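Thanks for coming. I will take a few minutes to go through one structure, from the whole chain down to a few rings.

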Amino acid sequence: MEIANICILGAGNLGSRIGLQAALSGFQVTVYDVNQKSLSGSLVTMNKLIKYLIKSQEITEKKGLEAIQRITFTPDPLVAVENADLISESVTEDLDIKKSVWKQFGHIAPAKTIFTTNTSYLLPSMLAEDSGRPKQFCAFHFHDVFHSKVVDIMPHPNTDPELIAVLEDLGRKLNQIPILVKKENSGYIFNTLLVSLIDAAGRLATGEVAEIEAIDKSWMINFNMPIGPFGILDNVGIDTAWHITSVKRNAASRAFADLLKTYIDQGKLGEKSGEGFYKYPNPSYKNSDFLK
Ligand SMILES: NC(=O)c1ccc[n+]([C@@H]2O[C@H](COP(=O)([O-])OP(=O)(O)OC[C@H]3O[C@@H](n4cnc5c(N)ncnc54)[C@H](O)[C@@H]3O)[C@@H](O)[C@H]2O)c1
């Protein structure tokens, strides 16, 4: 099927990025949110992204202007979905909120509309029935759209298999590399791999096998990477990492959560607070002599 009109549900960080990329790719876009502040903030976010893309010579000023003209921001669900060929849902990562949004839009969307969710950790099968059209429902998960240009396509057991090719094609048109996740898996592929790396780094640190900088150095040298696991944690936010780690019940995760908590208690949340495992804006792992 031909996709021309894309409806974005949730005008936050990711909804704004996906909406802008869709408009830059030539689609007509409507962006819906219950919160008027999010809708006005979305335009601000998009304009900042456009400036960045012009500066890095990825788009021209004209292309940025044309993209913004293809986008309609609305707090009215009926206007948002009126002519949607596809919905990309990026509302708050909360099961109850997402369920109610899918019930609402399952009722009002045209029969042709494909339903996709950008959830990070929930499974599409947790939402598909709420939409009333499980066959048309699939996870279509972006990373940050403009740096990590990857979109995960993860069907649930009742997704129409023909939808996969449609979403792969759409992913490429949105300047992303589509990655098929054949079976439902919380965290898709990348986050599953990343959590294993971070858990192992935590075990090495709490077991006093090595200092934090040594753990990062080992990873960076061996894989020629610009950042190690603790640098990544600073980037993600130590508070966010603690939320994920503290709910795990095994002894290694509890010890790691305790270590993370000592940083949080000192206000060291990572890059966003100016200090975490490293000090910002010039963390030592970015120095040219870090790997000497
Ligand atoms: N932030 C990331 O790096 C990232 C990456 C990939 C996927 N995601 C996923 O994208 C989704 C959105 O994340 P985000 O970081 O953009 O969050 P965000 O908090 O920036 O935005 C969420 C938006 O949803 C809106 N919202 C809440 N309830 C709503 C409702 N009933 N109807 C319409 N809008 C509603 C909020 O007003 C807010 O504007 C989540 O599922 C998240 O897991 C986030």
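When I say helix, I mean a DSSP run of H or I with at least four residues, and a strand is a run of E with at least two. On that count, the chain has 11 helices and eight strands. Please keep in mind that this is a predicted model.

Overall dimensions next. The radius of gyration is 21 Å, close to the 19 Å that the globule rule gives for 292 residues, so the chain is as compact as a globular protein of that length. Along its principal axes, the C-alpha trace spans about 60 × 45 × 35 Å. Of the 292 residues, 45% are buried.

Now the annotation. An unreviewed UniProt entry assigns residues 6-182 to the domain "3-hydroxyacyl-CoA dehydrogenase NAD binding". That span is 41% helix and 21% strand, and its end C-alpha atoms lie 25 Å apart.

Last, the aromatic rings. How many aromatic pairs does a search of the whole structure find? The search finds nine. Take Tyr278 and Phe290: their ring centres are 6.3 Å apart and their planes sit at 75°, so this pair is edge-to-face. Both residues lie in the segment after α11 (251-265), so the pair ties together parts that are 12 residues apart in sequence. Are Tyr278 and Phe290 buried or exposed? Both are buried. Phe290 also has Lys217 over its face, at 5.3 Å from the ring centre. Elsewhere, Trp102, Phe115 and Phe137 form one aromatic cluster.

Technical notes. Residues numbered from 1 in each chain as written. Predicted model: local features only at pLDDT ≥ 70, side-chain atom pairs only at ≥ 80, totals over all residues. Heavy atoms only, no water. UniProt positions renumbered as here; feature names shortened; annotations may be inferred. Phe/Tyr/Trp six-rings, centres within 6.5 Å; stacked < 30°, edge-to-face > 60°. Buried < 20%, exposed > 50% of the residue type's maximum accessible area, 1.4 Å probe, protein only. Lys NZ or Arg CZ within 6 Å of the ring centre and 35° of its normal. Rg over C-alpha atoms; globule rule 2.2 N^0.38 Å.
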